[in-house]
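Thanks for coming. I have one structure to go through today, and I will start with a single side chain before I get to the whole chain.

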Amino acid sequence: QVQLVESGGGLVQDGGSLRLSCAASGRTVSSSTMTWFRQAPGKEREFVACIKWSGDRTYYSDFVKGRFSISRDNAKNTVSLQMLSLQPEDTAVYYCATTTPWKTGDVYSRTWYDYWGQGTQVTVSS
């Protein structure tokens, strides 16, 4: 079985930074696409960033491009999301997600993913 556990969330001021981590068990993070989504109160879960199993290609939503960076640490079997220049609009629960090994498809769609973590809260004060 696959388990994903997010950590690193918290309260930060406008313009601050946080680094989120997703620890995987039952899965090598290099064998499948690893993705971060987020969900704000009253809104649907939305794509943030992903790193693909093929060539470590990365993709970002337009609203975080240039501020967030996703990366793998294969030795620790974790995926991180470095978040800079945080804005109040970034406030949400952030979720780590992945799929069965070597799966291809629409990485931007939340319905494509097979496994989800419990989420970690990020709050940016204005």
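Arg72 is buried, at 15% relative accessible area; buried means under 20% relative accessible area, exposed over 50%, and partly exposed in between, with a 1.4 Å probe and protein chains only. A word on the source: this is a predicted model, where local features need pLDDT of at least 70 and side-chain atom pairs count only at pLDDT 80 or more, while totals for chains, interfaces and linings use all residues. Residues are numbered from 1 along each chain as its sequence is written, and side-chain values use heavy atoms, with hydrogens and water left out.

What does Arg72 meet in a salt bridge? The partner is Asp56, at 3.1 Å from N to O. A salt bridge here is a side-chain nitrogen of Lys or Arg within 4 Å of a carboxyl oxygen of Asp or Glu. This pair links distant parts of the chain, 16 residues apart: Arg72 sits in strand 7 (residues 68–73), and Asp56 in the loop between strand 5 (46–51) and strand 6 (58–60). Strands are DSSP runs of E of at least two residues, helices are runs of H or I of at least four, and both are numbered from the N terminus. Asp56 is partly exposed, at 44% relative accessibility.

By that rule the count is 6 salt bridges. Another one joins Asp90 and Arg67, with the closest N and O atoms 2.8 Å apart. Again the pair links distant parts, 23 residues apart, with Asp90 in the loop between strand 8 (78–83) and strand 9 (92–98) and Arg67 in the loop between strand 6 and strand 7. Buried or exposed? Asp90 is buried, at 1% relative accessible area, and Arg67 is buried too, at 13%. Both belong to a network of salt bridges that also takes in Arg38 and Glu46.

Lys65 and Asp62 form a salt bridge as well, at 3.9 Å between the closest N and O atoms. Here both residues are exposed.

Now the chain as a whole. The protein chain has 0 helices and 11 strands. Its radius of gyration is 14 Å, close to the 14 Å that the globule rule gives for 126 residues, so the chain is as compact as a globular protein of that length. That radius is taken over C-alpha atoms, and the rule is 2.2 Å times the number of residues to the power 0.38. Along its principal axes the C-alpha trace spans about 40 × 30 × 25 Å. Of the 126 residues, 47% count as buried.
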